[in-house]
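Please open the model in a viewer and follow the selections below in order.

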Amino acid sequence: MSLADQAIVKIHQHLDDGYRPAQLADDLHISLRTLERGLADLFDCSPSQLITAMKMREARRLLVTREYRVNEVASRLGFSSPFYFSRRFRTFFGVSPSQYRQVGQGGG
């Protein structure tokens, strides 16, 4: 399994907590610098950006199902507060989680 695949699997296993790049590197048995270089080469992003992107994509998926309220999505993805989650979601997709849910598939 490639570094990218391993990183994605590990991040997916930790979507519900405050997973950090240093923890990811430890879990993959590589240095943080090796992880940073590898992800930069593969995805042109940092480990933090990859973790955020995966959380935001999962948030989008959960919102579209309409099974969870915005605050529940925030909690399920390990965000410290619904307000912080909403801010991050808006920055990532350009619309608030509530707006995204109202239009169904949103704009992202």
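Select Arg33 to begin: at 46% relative accessibility it is partly exposed (buried means under 20% relative accessible area, exposed over 50%, partly exposed in between, with a 1.4 Å probe and protein chains only). This is a predicted model, in which local features need pLDDT of at least 70 and side-chain atom pairs count only at pLDDT 80 or more, while totals for chains, interfaces and linings use all residues. Residues are numbered from 1 along each chain as its sequence is written, and side-chain values use heavy atoms, with hydrogens and water left out.

Glu36 is partly exposed, at 30%.

The structure holds three salt bridges. Select Arg61 and Glu58 next: their closest N and O atoms are 2.7 Å apart, and about one turn of helix α4 lies between them. Arg61 is partly exposed at 46%, whereas Glu58 is buried at 15%.

Then select Glu72 and Arg69, a salt bridge with its closest N and O atoms 3.6 Å apart. Glu72 is partly exposed, with a relative accessible area of 29%, and Arg69 is exposed, with 53%.

Finish at Phe43, which lies in helix α3 (residues 32-43) and is partly exposed at 36%.

Key
Helix = DSSP H or I, 4+ residues; strand = E, 2+ residues; numbered from the N terminus. Salt bridge = Lys/Arg side-chain N within 4 Å of Asp/Glu carboxyl O.
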